[in-house]
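Have the structure open while you read.

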Amino acid sequence: MAPPPSLGPIVSSAHLAAGEMPALSEFEFGMIMVSHAFHRWTVRCAAAAGAPGLSALENMILHTVYHRARPKRLADIALVLNVEDMHLVTYAVKKLEKAGLVKGEKIGKEKAVSVTRKGADAVTRYHEVREALLIQGVKAFGTEAHILSRIATEMRVLSGLYDQAARAAASL
């Protein structure tokens, strides 16, 4: 029996895969799928952890603010999360403040935020739900930690290349 014909790379835009590097189109399609699944996961995990109504960005900001238990300036949050539109961070922080998950303070002329006890509890519960549902699934799948670290490194490097290409495209 003959092997099935090759269908080529799995992509969302065959016209982009027709260029010099079809593998990049495969990566982009995978990134789209992972991005949407990750955002959906963070929203549902936060809700299961007792913090319903948070968007994916709001959830990421909460975890960023919690990181290392020290106040974060809004500009630093945007930088760490690679968010270009500062108003998105400002709006998300206001929503987190209204929910009682973070509190704002002035550091010099800038606003900084830190996590509240309620926010820390939500992050702790999120961690517990993540361990029970996601980590166990990843381990059962057989994904090795060093491979995930390598993929993460390559994705961070590629993000820099996409940022550089975006700057170049803006100058055209």
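Helix 2 and helix 6 pack with their axes 9 Å apart, at an angle of about 120 degrees. Axes here are lines fitted to C-alpha atoms, for helices over the stretch in contact, and angles run from 0 to 180 degrees between N-to-C directions. That angle makes helix 2 oblique to helix 6; under 35 degrees counts as roughly parallel, over 145 as roughly antiparallel, 65 to 115 as roughly perpendicular, and the rest as oblique. The crossing of helix 2 past helix 6 is right-handed, a label for the near helix being turned clockwise from the far one by less than a right angle, with anticlockwise giving left-handed. From helix 2, the contact takes in Trp-41, Thr-42, Cys-45, Ala-46 and Ala-48, while helix 6 brings Tyr-126, Val-129, Arg-130, Leu-133 and Leu-134. Contact means heavy atoms within 4.5 Å. Sorted by class, that is eight nonpolar, one polar and one charged residues. For the classes, Ala, Val, Leu, Ile, Met, Phe, Trp, Tyr, Cys and Pro count as nonpolar, Asp, Glu, Lys and Arg as charged, and the others, Gly among them, as polar.

Some bookkeeping before going on. This is a predicted model, where local features need pLDDT of at least 70 and side-chain atom pairs count only at pLDDT 80 or more, while totals for chains, interfaces and linings use all residues. Residues are numbered from 1 along each chain as its sequence is written, and side-chain values use heavy atoms, with hydrogens and water left out. Helices (H or I, at least four residues) and strands (E, at least two) are DSSP runs, numbered from the N terminus.

| Pair | Axis distance | Crossing angle |
|---|---|---|
| Helix 3 and helix 4 | within 11 Å | roughly 110 degrees |
| Helix 4 and helix 5 | within 10 Å | roughly 115 degrees |

The angle of roughly 110 degrees makes helix 3 roughly perpendicular to helix 4, and their crossing is right-handed. Leu-57, Met-60, Ile-61, Thr-64 and Val-65 of helix 3 meet Ile-77, Val-80 and Leu-81 of helix 4. By class, this contact has seven nonpolar, one polar and no charged residues. Helix 4 also passes helix 5 in a right-handed crossing. There, Leu-74, Ala-75, Ile-77 and Ala-78 of helix 4 touch Met-86, Val-89, Thr-90 and Val-93 of helix 5, and the class count is seven nonpolar, one polar and no charged residues.

Now for the core. Which residues touch the most other members of the largest nonpolar core? Ile-61, Leu-62 and Val-89 do, out of 23 residues. The elements that give two or more residues to this core are helix 2 (22-48), helix 3 (56-66), helix 4 (74-81), helix 5 (86-98) and helix 6 (117-141). A nonpolar core is a set of buried Ala, Val, Leu, Ile, Met, Phe, Trp, Tyr and Cys residues joined through side-chain atoms within 4.5 Å. Buried means under 20% relative accessible area, exposed over 50%, and partly exposed in between (1.4 Å probe, protein chains only). Skipping neighbours within four places in sequence, Ile-61 contacts Ile-77, Leu-81, Val-89, Ala-92, Val-93 and Leu-96. In helix 3, the buried residues are Ala-56, Glu-58, Asn-59, Ile-61, Leu-62, Thr-64 and Val-65.

Val-83 lies in the loop between helix 4 and helix 5 and counts as buried at 17% relative accessibility. Leaving out residues up to four places away in sequence, Val-83 touches Leu-57, Ala-78, Leu-88 and Val-89.

Finally, the backbone. Most residues other than glycine have a negative phi. Where does Arg-68 sit? Arg-68 is in the loop between helix 3 and strand 1 (72-73), and its phi is positive, near 65 degrees. Ala-69, in that loop as well, has a positive phi of about 50 degrees. Arg-68 is exposed at 57% relative accessible area, and Ala-69 is exposed at 73%.
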